[in-house]
Amino acid sequence: MLASEFVLGVGILGGLGFFIALICVIIYFLDKPPSRNLLRVALVFGALGAASQSWSVFNWHVAQNRAAPVIKACEEFRRSNGVYPRSLDQLVPEFLPSLPRPSYTWMGRRYGYASEPPRLYFAAMFHGVVTYDFESHHWWTND
């Protein structure tokens, strides 16, 4: 399961959970007589899918909140040096005691950074990459 979440960026429970739940509901209505167990299976997979997606959205917000000191440190670095840092490592220890981790997921182990143009980013399940643009001061996704 972790390997597929890492490779696909979708997640077994979030992506396939809803698909399996839909298939179970379709089979339930096509089956004569319908089996109540099929609806229970659909409910379980639907609930797991909803929980998985809710967890990923929660982690997205945690990652954005944890990025605030990194963004502030990058801005302070620019004010002090006239340019944004070439890498996040230049912020430690003068502007940040250490680099925070974005969130709790396997996908979000570290923040990424591009210096030209300056952008901070992290991986987010179901949404690809979430990026903060220092020039526009906005977050955006590539989904």
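This is a predicted model: local features need pLDDT of at least 70, side-chain atom pairs count only at pLDDT 80 or more; totals for chains, interfaces and linings use all residues.
**Salt bridges and a nonpolar patch**

The side chains of R119 and D133 form a salt bridge, with 3.6 Å from N to O.

Now the two partners in turn. R119 has a relative accessible area of 27%, so it is partly exposed. D133 has 10%, under the 20% cut-off, and therefore counts as buried.

Let me stay with D133. Strand β3 covers residues 128–133, and D133 is part of that strand. What else does the side chain of D133 meet in a polar contact? The side chain of S136, at 2.9 Å. If we set aside neighbours within four places in sequence, the contacts of D133 are P118, R119, H138 and W140.

How many salt bridges are there by this rule? The count is two. Besides R119 with D133, there is E75 with R78, where the closest N and O atoms are 3.4 Å apart. Both E75 and R78 belong to helix α3, residues 36–81, and are three residues apart, about one turn of the helix. E75 is at 9% relative accessibility, so it counts as buried. R78 is at 34%, so it counts as partly exposed.

Last, the surface. F19, L22, I23, I26, I27 and L30 make a nonpolar surface patch of about 580 Å². Take I27, one of these residues: it lies in helix α2, residues 12–30. Its relative accessibility is 40%, so I27 counts as partly exposed.

How values were computed
Residues are numbered from 1 along each chain as its sequence is written. Side-chain values use heavy atoms; hydrogens and water are left out. Patches are made of residues with over 30% relative accessible area and no salt bridge: like charges are joined within 9 Å, nonpolar side chains (Val, Leu, Ile, Met, Phe, Trp, Tyr) within 5 Å. Accessible areas come from the Shrake-Rupley method with a 1.4 Å probe; for residues, only the protein chains shown count as cover. A salt bridge is a side-chain nitrogen of Lys or Arg within 4 Å of a carboxyl oxygen of Asp or Glu. Helices (H or I, at least four residues) and strands (E, at least two) are DSSP runs, numbered from the N terminus. Buried means under 20% relative accessible area, exposed over 50%, partly exposed in between (1.4 Å probe, protein chains only). A polar contact is a pair of N or O atoms within 3.5 Å; within protein, one must be able to donate a hydrogen and the other to accept it, and residues adjacent in sequence count only if both atoms are side-chain atoms. Contact means heavy atoms within 4.5 Å.
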